[in-house]
Amino acid sequence: GLYLAVIILWVTSFLALYRTLRQSDLAASLFGSVLGIFGLAVLAVSALPHVATAPISDLYHASGTSPEDQAALVLIWQATQGIFDALLAVGLLIVPIGIVLLGMAMLRSPAFGRGLARFSIVLGLVGALTAAFDIVAGTSQIAAIGVLGLIVFHLVVGWRLYRLSRLAHDSI
């Protein structure tokens, strides 16, 4: 539940970035925000493996389930988990690409500065590379780096968006 709440909050962050950056670079801000939101939707879908695996578990633990049926259910469980792992990897690949594009839009925006823009581009590239490595190597341990990068990006850029909104509010 907390994971889904965070993803919903991140959607608002991408929308706020689009609104802020569309004046400086419409194409990069629009495409980056769309990719970011699409990637978050994929991550949200990957957050619910228990919806698919709970019925399999119930069948496995039901009385009267034969050992052959249990062996088949184990294979079904593994296939289902593989689908959710693939969705996680794809989401962790798409969102950083959106972050790279938003970083490119930040380069043209005086409100963000070159330092934050470069930080976003590097963080997005690192996230995309870790996700690509996760997809190729099949290990999910390195995916934690991508998730940590997403958290850091949204904290840093979210704080900057908050400060920009306070400046705009105070100038009114």
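A crossing of two helices is called left-handed if the near helix is turned anticlockwise from the far one by less than a right angle, and right-handed if it is turned clockwise. The model is predicted. Its secondary structure consists of six helices and zero strands.

**Overall build**
- Read from the N terminus, the elements follow the order α-α-α-α-α-α.
- The radius of gyration is 20 Å, well over the 16 Å that the globule rule gives for 172 residues, so the protein is more spread out than a compact globule.
- The C-alpha trace spans about 70 × 35 × 25 Å along its principal axes.
- Of the 172 residues, 35% count as buried.
- Taking contacts between residues at least 6 apart in sequence, 73% join residues at least 24 apart.

**Helix 1 and helix 4**
- Helix 1 covers residues 2-21 and helix 4 covers residues 67-107; they pack at an angle of about 25 degrees, with axes 11 Å apart.
- Angles under 35 degrees count as roughly parallel, and the two helices are therefore roughly parallel to each other.
- Helix 1 passes helix 4 in a left-handed crossing.
- Helix 1 contributes Tyr3, Phe14, Leu17 and Leu21 to the contact, while helix 4 contributes Leu88, Val95, Ile99, Leu102, Ala105 and Met106.
- The residues of this contact comprise 10 nonpolar, no polar and no charged.

**Serine 120**
- Serine 120 lies in helix 5, which spans residues 113-137.
- Serine 120 counts as buried because its relative accessibility is 0%.
- Apart from neighbours within four places in sequence, serine 120 contacts Ile99, Gly103, Met106, Phe153 and Val157.

Methods: Residues are numbered from 1 along each chain as its sequence is written. This is a predicted model: local features need pLDDT of at least 70, side-chain atom pairs count only at pLDDT 80 or more; totals for chains, interfaces and linings use all residues. Side-chain values use heavy atoms; hydrogens and water are left out. Axes are lines fitted to C-alpha atoms, for helices over the stretch in contact, and angles run from 0 to 180 degrees between N-to-C directions. Helices (H or I, at least four residues) and strands (E, at least two) are DSSP runs, numbered from the N terminus. Angles under 35 degrees count as roughly parallel, over 145 as roughly antiparallel, 65 to 115 as roughly perpendicular and the rest as oblique. Contact means heavy atoms within 4.5 Å. Ala, Val, Leu, Ile, Met, Phe, Trp, Tyr, Cys and Pro count as nonpolar, Asp, Glu, Lys and Arg as charged, and the others, Gly among them, as polar. Buried means under 20% relative accessible area, exposed over 50%, partly exposed in between (1.4 Å probe, protein chains only). The radius of gyration is taken over C-alpha atoms; the globule rule is 2.2 Å times the number of residues to the power 0.38.
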